[in-house]
Amino acid sequence: MTAANPLLADRDLPDFAAIQAAHVVPAIEEAIEQHHAAIAEITASQADDFASVILAAERADFLLSRTWSPIGHLASVADTPELREAHAAAQALMTAYLMEAGQNRAHHDAVARVAARPDFADLPPARRRAVELAMRGFRLAGVALEGAARQRFLDIGVALSDLSTRFGNAVLDATEAWSEHITDEAALAGVPGSDKAILAAYAQEKGLPGWLVTLRQPSVLAILLHAKDRALRERVYRAHNTRASDQADDPSHDNSERIDAIMALRHEAAQILGFADAAAHSLETKMAADADEALAFLADLAQRARPIGEKELEEARAFAAEHLDLHDILPWDLSYVAEAMRRTLHGVDQEALKAYFPLPRVLAGTQGLIERLFGVRLTPRADVSTWHPDVLFYDVLDGQGELVAGVYLDLFARAGKRGGAWMDVCRSRFLDADRFHRPVAYLTTNFAPPAGDRPSLVTHNDVVTLFHEFGHVLHHLLTEVDLPSVGGISGVEWDAVELPSQFMENFAWEKDTLIGLSGHVDSGEPLPEELFDRLLAARQFQAGLALLRQIEFATFDLLLHRDYDPAQGARVTQMLDQVRAAVAVVHPPEWNRFAHAFSHIFAGGYAAGYYSYLWAELLSADAFEIFSHADVPGGGASAFRREILAAGASRPAAENFQAFAGRPPQVDALLRSRGLAA
């Protein structure tokens with residue numbers, strides 16, 4: 001199998017069309033064996049120079065990542081029973097191996113020899129940083145552990161990896177398990193025609209007449225924003241917010257026990273390493289000094305936002321009573337009422353607005369923005385092997401037309417694809433002796449697919465999402481650091497990694513950019529300035545409620561990990577109630593099980609780190625204000641590219657920001673961007 005295994009081929013891009021589930025485990029076994037041999041060669045040499053120790057390890061890591069990346073990506077975008085089984089087996093192998101590799105004392109000692117050299121301080125900053133982060137990585141992997149503690153830490157790592165995968169799979173399965181078949185179009189009163197076309201396409205997938213409401217993202221939004229049938233909104237809200245829980249219609253995907261097990265193991269692992277709790281363990285690799293600092297940051301924001309959120313909720317209640325004959329707003333009414341308020345008070349009709357954003361026009365405008373800001377051009381390429389016919393690939397060319405990077409775009413919701421939007425690494429930039437590996441990224445969203453002969457029409461929120469993910473992509477692709485461990489997003493503190501993405505979101509609110517990428521699906525006319533002005537005026541509509549929701553999620557995450565008590569278990573419901581009492585003005589029903597599908601913290605990288613979105617928003621709001629006022633020598637975009645995007649983790653994130661801004665970040669910029677400044 002390994003001789004012709006596409007996952008082991010020495011290619012710049014994976015041959016996705018050739019990859020089969022049967023290739024996965026043999027490829028990982030071979031890749032692990034090669035990595036193990038490379039590290040053994042490093043340690044046997046007793047070398048202490050950068051090239052023989054660090055660069056050689058970077059090469060081994062790059063080759064291992066090259067094999068694993070397509071496997072992990074396919075598990076998220078092309079799930080099948082066969083691939084899921086193969087991915088689980090391969091992930092168990094990878095996790096066990098990487099845990100053991102992190103405790104390889106001979107390798108640790110080799111890196112320590114490099115750090116101890118008299119000329120270590122003379123190394124370029126990126127090389128010094130790579131050594132420093134490698135030493136920290138060994139420490140956090142438990143390299144100093146002995147005996148039973150060492151083995152237990154390894155076992156926990158393997159178990160946590162498996163549990164996280166099972167958690168995510170349960171959410172995906174629960175999402176696909178629920179649907180409601182509708183044959184009477186009157187039941188969909190209020191739902192726009194473009195959304196009904198998507199629901200009709202879902203029904204056709206199943207060979208059904210009429211329409212099929214599902215828990216895929218476009219369907220949920222279509223119903224909660226537009227459906228006049230309150231009972232239908234309630235059913236969709238309930239199904240969506242009880243996914244993978246004991247309260248679901250089908251509780252077979254219940255994540256309750258997985259949450260308890262994940263929390264217990266995280267806490268135990270942290271204490272084995274000498275940390276008080278899992279939050280302290282997580283914060284070791286972030287900008288915030290500790291959980292208390294992050295919680296104080298959130299509490300300060302909550303104090304400022306809550307009075308505004310209370311006022312916004314009262315305004316929504318008054319509007320609903322007067323205009324919609326709703327005298328008791330329930331959770332499944334909130335989005336519907338908010339959408340009606342946008343139309344009535346701000347003249348912003350999302351359905352009318354979508355018509356100005358056919359996805360092909362939006363993509364072309366996004367490419368133009370990136371070229372204008374950063375001087376690189378995205379050129380479509382048709383000869384690239386992909387995992388689905390809808391997937392696009394772009395070469396990224398510099399001002400001289402030279403190839404510098406590449407990016408896959410997988411934009412539409414479909415069965416077997418995880419919900420949400422994300423960026424991930426396909427290949428890292430790596431200058432290895434005489435060979436240069438260019439960075440390649442995946443950009444994934446769940447936009448509404450085309451309906452019939454009409455192109456996909458995206459919401460303005462989708463435009464914001466696309467810009468957000470392209471910020472991550474640019475962070476990865478425009479790095480000028482040649483070491484994978486500290487180039488692009490790798491090694492960047494988790495509460496700073498969202499800076500480029502949230503910085504880019506601001507351009508979705510810039511008049512020239514937004515109007516420039518618009519074009520009515522029927523007439524081709526750009527978004528009228530008057531409509532843009534109304535959209536901009538509504539930007540901070542219910543900003544207090546939106547901010548409080550993010551603060552609620554982030555505070556819950558931190559407290560869940562900081563205050564975990566093995567004698568009492570995770571106490572998810574109790575913890576959420578405690579947080580909501582202090583922060584929220586909107587309280588969901590008792591049966592709401594939001595946490596059971598909170599994949600960010602239970603199946604992603606945001607455990608005790610969800611606050612990073614708001615922490616990075618502070619950085620991005622301040623950075624964009626500086627950019628907008630052109631106070632940066634050499635121009636805002638070029639300075640942002642040079643000091644933030646190109647630098648990656650070659651310096652601590654705080655130093656990157658200081659180099660760009662000339663000062664530390666200021667929280668007032670975040671408050672101004674949210675409309676919360678006094």
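This is a predicted model: local features need pLDDT of at least 70, side-chain atom pairs count only at pLDDT 80 or more; totals for chains, interfaces and linings use all residues.
Trainee: OK, how many helices and strands does the protein have?

Mentor: The protein has 26 helices and 9 strands, where helices (H or I, at least four residues) and strands (E, at least two) are DSSP runs numbered from the N terminus. Its radius of gyration is 25 Å, close to the 26 Å that the globule rule gives for 678 residues, so the protein is as compact as a globular protein of that length. That radius is taken over C-alpha atoms, and the globule rule is 2.2 Å times the number of residues to the power 0.38.

Trainee: And what does the C-alpha trace span along its principal axes?

Mentor: The C-alpha trace spans about 80 × 60 × 55 Å along those axes.

Trainee: How much of the protein is made up of buried residues?

Mentor: Buried residues make up 55% of the 678 residues, and buried means under 20% relative accessible area, with exposed being over 50% and partly exposed in between (1.4 Å probe, protein chains only). As for contacts, which means heavy atoms within 4.5 Å, residues 24 or more positions apart account for 73% of those with a separation of 6 or more.

Trainee: Let's look at β9, then. Is that strand buried or exposed?

Mentor: In strand β9 (residues 440-447), 8 of the 8 residues are buried, so the strand is largely enclosed by the rest of the structure. Both of its faces are covered, with Val440, Tyr442, Thr444 and Asn446 buried on one side and Ala441, Leu443, Thr445 and Phe447 buried on the other.

Trainee: Which strands does β9 pair with?

Mentor: Strand β5 (residues 403-412) runs parallel to β9 and is joined to it by 6 bridges, and Leu409 stands opposite Leu443 in β9. Strand β6 (residues 422-427) pairs with β9 in the antiparallel sense over 5 bridges, and there the bridge partner of Val425 is Ala441. Two strands pair if DSSP finds at least two bridges between them.

Trainee: What about β1, which face is covered there?

Mentor: In strand β1 (residues 179-182) the covered face holds Glu180 and Ile182, whereas Ser179 and His181 are on the uncovered one. Strand β1 pairs with strand β2 (residues 211-214) in the antiparallel sense over 4 bridges, with Glu180 opposite Val213 in β2.

Trainee: New topic: what is the phi of Ala608?

Mentor: Ala608 has a positive phi of about 50° although it is not a glycine. Most residues other than glycine have a negative phi. Ala608 lies in the loop between α22 (599-602) and α23 (612-628), and this residue is buried, with a relative accessible area of 0%. Arg571 also has a positive phi of about 50° without being a glycine, and its place is in the loop between α20 (543-562) and α21 (572-583).

Trainee: Last one, where is Tyr336, and what does it touch?

Mentor: Tyr336 lies in helix α13 (residues 334-346) and counts as buried at 12% relative accessibility. Not counting residues up to four places away in sequence, Tyr336 touches Leu224, Leu225, His226, Ala227, Lys228, Arg233 and Leu324.

Notes
Residues are numbered from 1 along each chain as its sequence is written. Side-chain values use heavy atoms; hydrogens and water are left out.
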